Amino acid sequence: MKRKETELFKKLHQDSLNNGDTNSCTVLSSCVALDLTYQQGYNFLERFAGRIKRKGCYRFDLFKIYPKINEYLNVKGKFEFKHYDQTELRRKFTRGETMTVNNCTQFLNPKKRYIIYVTHHAVGVKNNVVHDWTRGSKKRVQDVLEVTCKDEYEEVKPKSKTFKAGGFASVLANL
């Protein structure tokens, strides 16, 4: 059974191959979740995580450096991150069920972005779509990094209504 890769993943993966890079799942998943080009993702992980071309990164190192993306992109507080390990995943998301790459979108908030980690691999999830070659697989999710993009979640406060003295409110009050 051939898994259907998304166009976004195909493009990022091809950019990785064109750059002579392999073992770039952390770069590709970062690009998906953070709206980066392949080169931006590569440069970010090289600079802040010490990633070497054709070598992977340790997930626990990545959890520490992801908040630096705002500095790297020169945007103040655009992205926020929250890490969930397996215990928290079962408690907060799955109510005891096992989360896999195949079923993760059933549990995750469709309005947020995620980098999910399985054994020796990272996967990007955005708009409730898995962007990776493992899409549809039964690989167990071990950790989840929830990414909130403030640009997408600006809270709109309703305008307060004020009435001028002698205006409509005073007409109603005199009835």
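Reader: How much space lies in the largest pocket?

Author: Rolling a probe the size of a water molecule over the atoms shows where empty space is left. In this predicted model, the largest pocket holds about 410 Å³ of space. A pocket is an open set of points on a 1 Å grid over the protein atoms alone, where a 1.4 Å probe fits, with protein on both sides within 12 Å along at least five of seven lines; lining residues have an atom within 4 Å of a point. Points are joined across faces, edges and corners, and the volume is the space filled by probe spheres set on them.

Reader: Which residues lie nearest the centre of the largest pocket?

Author: Thr26, Gly56, Cys57, Tyr58 and Arg59 do, out of 19 lining residues. Two or more residues each come from helix 2 (25-34), helix 4 (59-65), strand 2 (113-118) and strand 3 (121-126). Helices (H or I, at least four residues) and strands (E, at least two) are DSSP runs numbered from the N terminus.

Reader: Which helix gives the most to the lining of the largest pocket?

Author: Helix 4 does, with three residues.

Reader: How is the lining divided by class?

Author: Nine lining residues are nonpolar, seven polar and three charged. Ala, Val, Leu, Ile, Met, Phe, Trp, Tyr, Cys and Pro count as nonpolar, Asp, Glu, Lys and Arg as charged, and the others, Gly among them, as polar.

Reader: How many helices and strands does the chain have?

Author: The chain has eight helices and five strands, in the order α-α-α-α-α-β-α-α-β-β-β-β-α along the sequence.

Notes: Residues numbered from 1 in each chain as written. Predicted model: local features only at pLDDT ≥ 70, side-chain atom pairs only at ≥ 80, totals over all residues. Heavy atoms only, no water.
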